[in-house]
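Dear colleague,

Please find the structure below, together with its sequence. My notes on it follow.

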Amino acid sequence: MSPENTVCTMDAAALAAVDEERIDWRFRSVPPALSGLTLGEAARRRARLFDDGFFGPFVVLDAEALEHNLSTMADWCAARGVALAPHGKTTMAPRLFARQIDHGAWGITAANAGHVRIYRAFGVSRILLANQLLDPAGLRWLAAELAADPAFEFVCWVDSVRGVELMTEALAGTARPVDVLVELGADGGRTGVRDQETALAVAEAVHASPALRLRGTGGYEGALSHGTDDAALTKISSYVDTLRDAVIAFADKGLLDTSAQVIVTAGGSAYFDRVADELTKPWPDGLDVLPVLRSGAYLTHDDGFYREISPLGEHPRIADVPPFRSALRAWAQVTSKPSAELALLTIGKRDASFDEGMPEPRLHRSTGGEVTELTGHTVTKLNDQHAFLALPAGSPVEVGDWIGLGLSHPCTVFDKWPLIPVVDTDGETVVDFVRTHF
């Protein structure tokens with residue numbers, strides 16, 4: 001089955017079943033008053049965060065910002081002529097995968113075999129595993145999935161001849177070959193071959209394998225830089241060019257399977273503009289290439305790392321396209337104020353991301369319910385369950401107030417919350433719940 005002629009699908013019944021899960025003590029921030037209701041029933045109650053007993057701290061998603069980001073990325077990808085297989089590890093939320101697919105996503109990207117298993121439980125029909133899969137147990141399970149469902153499409157990485165040998169051994173006797181991309185890395189990066197000679201050797205090994213089929217090249221540029229100056233952007237473009245060069249070399253040697261479209265993929269959420277620029281340059285005649293981006297964090301954006309570095313962040317590199325909006329917010333209560341310069345919040349490392357920057361105080365909600373913007377306040381440190389909030393002179397923050405916090409790096413937020421409320425434009429009325437599966 002040729003992927004360019006099909007759309008990605010999911011199992012509607014499995015998705016609907018999510019709404020039938022009942023709320024209980026496992027979802028620590030959800031009000032006890034909602035216990036016993038299904039997620040669908042609870043969403044229809046339109047409960048309010050501060051009036052209806054949600055336990056703090058809690059993280060919420062902004063419904064309007066989510067839709068804006070989904071539409072913005074879908075429209076931009078369509079205009080640039082690139083496919084999008086968003087990285088599902090960001091959210092591990094099948095309902096959000098479905099929304100991405102509804103907005104035209106070509107497939108969903110996974111990071112490991114466990115992710116693929118979860119995706120298949122929800123019927124994701126096209127999965128790009130941005131990693132090697134060498135575990136015999138995982139490969140046997142994958143072979144069974146491919147044999148049972150002719151419509152299931154799967155592609156993963158290889159970056160060594162030994163890896164090809166291990167996959168071939170584990171897949172011996174399987175009916176459908178597993179599609180693979182040769183992964184190219186770079187000095188200072190992660191996995192992936194480091195030179196074109198090795199890439200060619202891996203491609204030749206795949207071509208000779210009865211269990212594998214070579215579909216193109218893949219890689220990840222985000223590990224090579226965290227900057228946006230000219231030197232950093234040039235480095236990204238140069239790396240993506242190696243993906244082009246390798247796939248052209250494979251084609252010249254007759255190593256690519258020509259019965260399906262060639263795939264060349266890169267593109268996290270920091271440099272997808274540069275990746276698209278390089279992968280949409282003209283290809284040699286007769287080489288039918290599908291450029292695939294794997295950006296995942298665009299869905300929620302953030303108030304930190306991606307705000308600063310995204311092509312559609314606070315300093316946009318893409319013209320005439322509205323920037324992404326942060327769709328993540330945490331709320332924590334002021335539990336202590338030991339001095340005029342310090343307050344402690346009921347949120348910590350177990351609740352919020354901190355690997356790419358501390359939570360950023362954005363809103364102040366007084367005990368009277370008035371919400372105002374908060375400036376000049378900084379979270380200086382997180383313990384397991386507390387945040388240290390530095391207070392400037394004249395701060396309005398008092399014990400019992402609530403602080404709305406922007407978060408950086410959504411990939412390390414979602415894993416902390418099995419159920420996340422989605423709020424309406426007022427920021428307090430819950431209109432849906434997102435169930436995660438980590």
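I begin with helix 10, which is mostly covered: six of its eight residues are buried. Helices (H or I, at least four residues) and strands (E, at least two) are DSSP runs, numbered from the N terminus. Buried means under 20% relative accessible area, exposed over 50%, and partly exposed in between (1.4 Å probe, protein chains only). The buried residues of helix 10 are Phe-272, Asp-273, Val-275, Ala-276, Glu-278 and Leu-279. They pack against helix 3 (63-80), helix 9, strand 8 and strand 9 (289-293), where contact means heavy atoms within 4.5 Å.

Please note that this is a predicted model, in which local features need pLDDT of at least 70 and side-chain atom pairs count only at pLDDT 80 or more, while totals for chains, interfaces and linings use all residues. Residues are numbered from 1 along each chain as its sequence is written, and side-chain values use heavy atoms, with hydrogens and water left out.

**The helix pair**

Helix 9 (residues 230-252) packs with helix 10 (residues 272-279) at an angle of about 40°, and their axes are 9 Å apart. Axes are lines fitted to C-alpha atoms, for helices over the stretch in contact, and angles run from 0 to 180 degrees between N-to-C directions. This makes helix 9 oblique to helix 10; angles under 35 degrees count as roughly parallel, over 145 as roughly antiparallel, 65 to 115 as roughly perpendicular and the rest as oblique. On the side of helix 9, Leu-233, Thr-234, Ile-236, Ser-237, Val-240, Asp-241 and Arg-244 meet Arg-274, Val-275, Glu-278 and Leu-279 of helix 10. The residues of this contact divide into five nonpolar, two polar and four charged (Ala, Val, Leu, Ile, Met, Phe, Trp, Tyr, Cys and Pro count as nonpolar, Asp, Glu, Lys and Arg as charged, and the others, Gly among them, as polar).

Eight strands form an open sheet with parallel pairing, in the order 2-9-8-7-6-5-4-3. Strand 2 (83-84) and strand 3 (108-110) stand at the edges with a single partner strand each, so one side of each is left without a neighbour in the sheet. Two strands pair if DSSP finds at least two bridges between them.

Strand 7 (residues 212-218) is joined to strand 8 (residues 262-266) by three bridges, and six bridges join strand 6 (residues 178-183) to strand 7. Gly-216 stands opposite Ile-263 in strand 8, and Leu-181 stands opposite Gly-216 in strand 7. All seven of the seven residues of strand 7 are buried.

In strand 4 (residues 126-132) lies Leu-128, which counts as buried because its relative accessibility is 1%. Among the residues that Leu-128 touches, not counting those up to four places away in sequence, are Ile-108, Leu-181 and Thr-265.

**Backbone features**

Where is Met-92 found? Met-92 is in the loop between strand 2 and helix 4 (94-102). Its phi is near 45°, a positive value in a residue other than glycine, and Met-92 is buried, with a relative accessible area of 1%. His-301, in the loop between strand 9 and helix 11 (305-309), has a phi near 55°, which is also positive. The peptide bond from Gly-56 to Pro-57 is cis, with omega near 0°. Most residues other than glycine have a negative phi, and most peptide bonds are trans.
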